[in-house]
Amino acid sequence: MTGLRFNVAGLLKEGAGATREYALEAAPRELAGLLDDARPIAPLTGQVRLLRTQRSIFVRGRLKTRVQVECSRCLAETEVPISFDLEEEFFPEIDVTTRHALPKPDDNGLGFMIEPSHELDLGESVRQHMLLELPMQAICRETCAGLCPRCGANLNEGPCACVDDEIDERLAPLRALFEKKP
Ligand SMILES: [Zn+2]
Ligand SMILES: [Zn+2]
């Protein structure tokens, strides 16, 4: 099985306790629209286990991928590995055999719905997890020198012209002292 969507019609027809296991693999382009500030550059991979419960399908899995984000200091594209555990309950909208609409569970705020076509879509859950795992302030490397706040030059590529000016400014009061002396 590939992608983030699983047809669970068969599993829904089975009794509570029935399970399915899948090796999940979703191509970066399938994840592309999920995040604004991060570009997936590796497939999302991992194992997922689907458990049929009395009222739902409980999904558990461990997934990983790699995304590209901007270094918060120098703005260069930076690769960040992301991995997370997923534990999510999916409720069927309609009964798989009678095709009658099912009542929404009381705690629906915590779960997701399974589409009437019996497709279980992990997309939104994966998006939320990836968002939580993104570093608030990614850096390309510990020693990243960032951009000069005055001229915007990338200081990883060497000092900018501002450095000399700054030293001059710091020495200015001293110079004034000297200049006062007769
Ligand atoms: Zn950087
Ligand atoms: Zn500068």
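**Exercise 1: a surface patch**

Task: In this predicted model, which residues form a nonpolar patch on the surface, and with how much accessible area together?

Solution. 
- The patch consists of Leu171, Leu174 and Leu177, which share about 270 Å² of accessible area.
- Locate one of them: Leu174 sits in helix 4 (residues 162-180).
- Classify Leu174: its relative accessibility is 43%, so Leu174 is partly exposed.

**Exercise 2: the largest nonpolar core**

Task: How many residues does the largest nonpolar core have, and which have the most contacts inside it?

Solution. 
- The core numbers 36 residues.
- Leu50, Leu122 and Val126 have the most contacts inside it.
- Elements giving two or more residues to this core include helix 1 (9-13), strand 4 (44-52) and helix 3 (123-133).
- Now take Leu122. Leaving out residues up to four places away in sequence, Leu122 touches Leu4, Phe6, Leu24, Val48, Val59, Leu86 and Phe90.
- As background, nonpolar side chains in soluble globular proteins tend to be buried together.

**Exercise 3: an aromatic pair**

Task: Why is the pair of Phe90 and Phe112 stacked?

Solution. 
- The count of aromatic pairs is 2.
- For Phe90 and Phe112, the ring centres lie 5.3 Å apart and the planes meet at 25°.
- Rings pair if their centres lie within 6.5 Å, and planes under 30 degrees apart count as stacked. The pair is therefore stacked.
- Phe90 belongs to strand 6 and Phe112 to strand 7, so the pair ties together parts 22 residues apart in sequence.
- Check burial against the cut-off of under 20%. Phe90 has a relative accessible area of 1% and is buried. Phe112, at 17%, is buried too.

Terms used. Residues numbered from 1 in each chain as written. Chains lettered and ligands numbered in written order. Predicted model: local features only at pLDDT ≥ 70, side-chain atom pairs only at ≥ 80, totals over all residues. Heavy atoms only, no water. Core = buried A, V, L, I, M, F, W, Y, C linked by side-chain atoms within 4.5 Å. Buried < 20%, exposed > 50% of the residue type's maximum accessible area, 1.4 Å probe, protein only. Helix = DSSP H or I, 4+ residues; strand = E, 2+ residues; numbered from the N terminus. Contact = heavy atoms within 4.5 Å. Patch = residues over 30% accessible without salt bridge, like charges linked within 9 Å, V, L, I, M, F, W, Y side chains within 5 Å. Areas by Shrake-Rupley, 256 points an atom, 1.4 Å probe, with all protein chains shown as cover. Salt bridge = Lys/Arg side-chain N within 4 Å of Asp/Glu carboxyl O. Phe/Tyr/Trp six-rings, centres within 6.5 Å; stacked < 30°, edge-to-face > 60°.
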